[in-house]
Amino acid sequence: MLPWETLRRLLGLPPDMSPLGATELVRLAIDDPRRARIVAMGLRGQRPDEAAAGMVLAALDRGTLPPELAAELLGAVGHRAAYDILRAMLLDPEMPNAWAAAGVAMAQVLGLDAGPDLAVAMREAPERGAREGAAFGLAELGDEAAVAGIVEAGLRGLIRARVAARCGADLPFLPELWLQLLASSERTARRLGTELIYVLLNRNDPGAQERLEALGPRAKSAVREALDDPSLYMLPEKRATLEAWSAA
């Protein structure tokens, strides 16, 4: 949760203003949706507030908040009253901009209890964007049990390799699983494994570096072999990044 002084400055509020509660913050976001993402930052960590969730749902129904911002606010408010609406948003073909935010918000609202719904949506939602929104929700949960399902979805093409890799980089790390993918003779598995390396290399933080070190020299060797495979196409920037890392 952001300290009040930081949040106050970001929102451009008077310096002598007292801290605002959840409903007051939500009112600021509804009155000026440009403030919604900052308000969401300030709401995270506060106690779930049913009245604040109701205000967001009413604004969504009136059309005064776009679905993606409403979903983000509902996740930050964290009250279970919003869960069914968020699940419907994730599966609504007319709300593509809200799919990712809805999946993450489901996880924020219900915690691990949202896992089964998200797992089913990742496998069965008709739109790829909705399946990827569910994957982001599973990654938000931080549950090791979700790793295998996300990897499988990536291998089956239910979600894009870069989404599966991004989610995998956020979840508890299983080095042997990723090493198996990198060393696989299957092109889809190698693609997913190299995408994970690329994601980690582009994250400038100690955690990403620790994960690369956990993969060790076996990963570098496997990446070099993958780069020599002419059937494994990748964008020049990604190839150059992987070549530099595997040769270091």
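I began with how the chain is tied together: among contacts between residues at least 6 apart in sequence, 66% join residues at least 24 apart. I note here that the model is a predicted one, and that every value below is to be read with that in mind.

Overall fold. I counted the secondary structure next and found 15 helices and 0 strands in the protein. The C-alpha trace spans about 60 × 40 × 30 Å along its principal axes, and 48% of the 248 residues count as buried. I then looked up the largest nonpolar core, which has 93 residues, and noted that Leu43, Leu73, Leu86, Leu118 and Ile150 touch the most other members.

Ile150. From that group I followed Ile150, and, with neighbours within four places in sequence left aside, I found it in contact with Met122, Ala135, Leu138, Ala139, Ile159, Ala164, Cys167 and Leu171.

Helices H3 and H5. I looked at how helix H3 (residues 36-43) packs on H5, and the axes are 8 Å apart at an angle of about 10°. Because angles under 35 degrees count as roughly parallel, H3 and H5 are roughly parallel to each other. Their crossing is left-handed. On the H3 side the contact is made by Ala36, Arg37, Val39, Ala40 and Leu43, while H5 contributes Glu68, Leu69, Glu72, Leu73, Ala76 and Val77. Sorted by class, the residues of this contact are 8 nonpolar and 3 charged, with no polar ones. I noted that Leu43 of H3 and Leu73 of H5, both part of this contact, are also among the core residues that touch the most other members.

Ala76. I stayed with H5 (residues 67-77), in which Ala76 lies. Its relative accessibility is 6%, and Ala76 therefore counts as buried. Beyond residues up to four places away in sequence, Ala76 touches Ala40, Leu43, Arg44 and Gln108. I also checked Ala76 against Arg47, which is 29 residues away along the chain, and the C-alpha atoms of the two are separated by 9.9 Å.

Helices H7 and H9. The contact takes in Trp99, Ala100, Gly103, Val104, Ala107 and Gln108 of H7, and Gly129, Ala130, Gly133, Phe136, Gly137, Glu140 and Leu141 of H9. By class I recorded 7 nonpolar, 5 polar and 1 charged residues in it.

Leu196. Next I went to helix H13 (residues 187-201), which holds Leu196. Leu196 has 0% relative accessibility and so counts as buried. Apart from residues up to four places away in sequence, Leu196 touches Ala165, Gly168, Ala169, Phe173 and Trp178. For Gly168, which is 28 residues from Leu196 in sequence, I noted a C-alpha to C-alpha distance of 7.4 Å.

Key
Residues are numbered from 1 along each chain as its sequence is written. This is a predicted model: local features need pLDDT of at least 70, side-chain atom pairs count only at pLDDT 80 or more; totals for chains, interfaces and linings use all residues. Side-chain values use heavy atoms; hydrogens and water are left out. Contact means heavy atoms within 4.5 Å. Helices (H or I, at least four residues) and strands (E, at least two) are DSSP runs, numbered from the N terminus. Ala, Val, Leu, Ile, Met, Phe, Trp, Tyr, Cys and Pro count as nonpolar, Asp, Glu, Lys and Arg as charged, and the others, Gly among them, as polar. Buried means under 20% relative accessible area, exposed over 50%, partly exposed in between (1.4 Å probe, protein chains only). A nonpolar core is a set of buried Ala, Val, Leu, Ile, Met, Phe, Trp, Tyr and Cys residues joined through side-chain atoms within 4.5 Å. Axes are lines fitted to C-alpha atoms, for helices over the stretch in contact, and angles run from 0 to 180 degrees between N-to-C directions. Angles under 35 degrees count as roughly parallel, over 145 as roughly antiparallel, 65 to 115 as roughly perpendicular and the rest as oblique. A crossing is left-handed if the near helix is turned anticlockwise from the far one by less than a right angle, and right-handed if clockwise.
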